[in-house]
Amino acid sequence: MADPVLIIGAGVAGMTAAVELADSGIEVILIDRLSTIGGNSLNLYKAFPTDDCFYCFEGNRWRPGIRKCFYRSAMIDQPNIVLHTNTNISDIIRKGETFQAKLDVGPVYVDSKKCTMCGLCLKHSKAFSLTSPQCQPQAVIYNPSKSDEGAKTAEKECPTGAISLDAEPTEKTIAVSDVVLATGYHEMKPTELDEYAYGKISNVITQLELAKILDPNSPSEGQLVRPSDGAPANHVMMVQCVGSRDENYYPFCSKICCVFAIKHANIIAMERNSAKVSVVYMDIRTYDRHEQYYRDARDAGVEFVRGRVTRVEECDNGSIDVIVYDSLLDKYLKFNVDLFVLSSALEPPIGSAELAQSLGLSLSSGYFKPEDITTGNEIVIGPHVYACGGALGPAEVPESVTQARAVVSKILQSRK
Ligand SMILES: Cc1cc2nc3c(=O)[nH]c(=O)nc-3n(C[C@H](O)[C@H](O)[C@H](O)COP(=O)(O)OP(=O)(O)OC[C@H]3O[C@@H](n4cnc5c(N)ncnc54)[C@H](O)[C@@H]3O)c2cc1C
Ligand code: SF4
Ligand code: SF4
């Protein structure tokens, strides 16, 4: 019997590839360095282009007829998928036609098969948290760096005995036939771009942080409020191309940030209707069918200012004064806003360069580079190595899913 396929990264792309390979009878080892699967999609609230809830994910034949929320997608109990969360690759080498990988499997502090998410441990200690009510595996997470006496009490009192604070990491060596890189992207934290005061003024946030505020499952229950004091945010300003299209950081366009910024602007303008939204941009790149979002935003009264932010200053009442050079009017304009939201560059996750080196692969702007772009096989990165979704560069969900399916089709063809 052929060796299993290793999928690195359990975001939308990795999960799609895992489920479809498993449904085709192929054994899959799916790993993620985080304790919860879903990747970035866990934190994004509504998804363009359907404005669906972000947890929606196609079900599979293993559980026919089920709703498509991915937390019920059979990822956990599909017998052909072995899932290792909290897991990193410490070494991976090609051995003839196959690969040998060493996995560092993190300690299992909370047994997801026993945890009923009763919430008792959350009351005892800040070391326990719940990523999302929809998280998969359905279990709380324990962070040992926040451990305290309350954590020990929780271990004793957990009604199902799910907690082991002394759990140890383990190592595992596996042989696999193919490697699928589904490592996604990471939103840049723009602390080095002094002009935006990110990390210095608490009401300066990123789009990912705004998505969390807008999510009804967040601590603010979806109310549009300022992180500094919980006061309503009456005027939100977004600024595009932060760290992208910038030779000092990422020279490339991050491709999807115009669309998700306008998605957020529309949610605010249409669903949190007393707030005003302004977007400062160089170019608006709502590619493909997403142009409609831009039109909807204009109709909903979102203000677009073409220019550059030149100064940001915190006021005594927590609001922020922003000076913008408007390149169409050739004028400096002053705004007073409550939330200043940065559309920050999407960067490759930490560890991509090491993975590429171990597997003898090339990178392009830090993302995995297709073996031969001229053949149109953009998902083939090397012999029996494939990539899909954000691992190839900024991509939306439908594109990530399509690429994951193309990877599955390539692997199935190679086994015929
Ligand atoms: C603010 C914002 C809003 C967005 N809104 C939309 C939207 O409305 N609609 C839409 O279609 N798209 C949207 N996107 C894009 C969407 O998030 C991506 O298309 C999608 O997350 C890509 O999925 P992925 O599986 O490729 O990557 P990810 O979601 O990034 O998942 C990758 C996974 O791999 C893991 N990983 C990485 N490296 C390793 C490693 N070395 N070892 C083990 N695990 C690893 C990570 O922990 C992560 O879980 C938005 C993005 C942002 C930033
Ligand atoms: S107390 Fe135990 S069962 Fe309850 S949420 Fe915590 S780990 Fe899970
Ligand atoms: S998608 Fe828009 S905001 Fe993002 S880098 Fe490109 S032009 Fe700038």
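Let's start with a strand pair: β11 (residues 178–181) and β24 (residues 385–387) run parallel to each other, joined over three bridges. Strands here are DSSP runs of E, at least two residues long, numbered from the N terminus. Two strands pair if DSSP finds at least two bridges between them. Within β24, Tyr-386 is the bridge partner of Val-180.

Before I go on, the ground rules. This is a predicted model, where local features need pLDDT of at least 70 and side-chain atom pairs count only at pLDDT 80 or more, while totals for chains, interfaces and linings use all residues. Residues are numbered from 1 along each chain as its sequence is written, chains are lettered from A and ligands numbered from 1 in the order in which they are written, and side-chain values use heavy atoms, with hydrogens and water left out.

Back to that pair. It belongs to an open sheet of six strands, ordered β5-β2-β1-β11-β24-β23, and the pairing is mixed. β5 (81–84) and β23 (380–382) are the edge strands, and each pairs on one side only. From one strand to the next, the twist averages 25°. For that angle, axes are lines fitted to C-alpha atoms, and angles run from 0 to 180 degrees between N-to-C directions.

Next sheet. This one is open, with three strands in the order β6-β7-β10 and antiparallel pairing. Why does one side of β6 and of β10 lack a neighbour in the sheet? β6 (87–95) and β10 (170–176) stand at the edges with a single partner strand each, so one side of each has no neighbour there. Here the twist averages 20° from one strand to the next. β7 (residues 98–105) and β10 pair antiparallel over seven bridges. Phe-99 is opposite Val-176 in β10.

Now ligand 1. It is surrounded by 35 residues, the closest being Asp-32, Phe-48, Tyr-185, Lys-263 and Ala-395. To count as near, a residue needs a heavy atom within 4 Å.

- A backbone N or O atom of Ala-395 is 2.5 Å from a ligand oxygen.
- A polar side-chain atom of Lys-263 is 2.7 Å from a ligand oxygen.
- A polar backbone atom of Arg-33 is 3.1 Å from a ligand nitrogen.

Last, ligand 2. Of the 13 residues around ligand 2, the nearest are Cys-115, Cys-118, Gly-119, Cys-121 and Cys-158. The shell holds ten nonpolar residues, three polar and no charged. In this scheme Cys counts as nonpolar and Gly as polar.

Methods:
Helix = DSSP H or I, 4+ residues; strand = E, 2+ residues; numbered from the N terminus. Polar contact = N/O pair within 3.5 Å; in protein donor to acceptor, adjacent residues only side chain to side chain.
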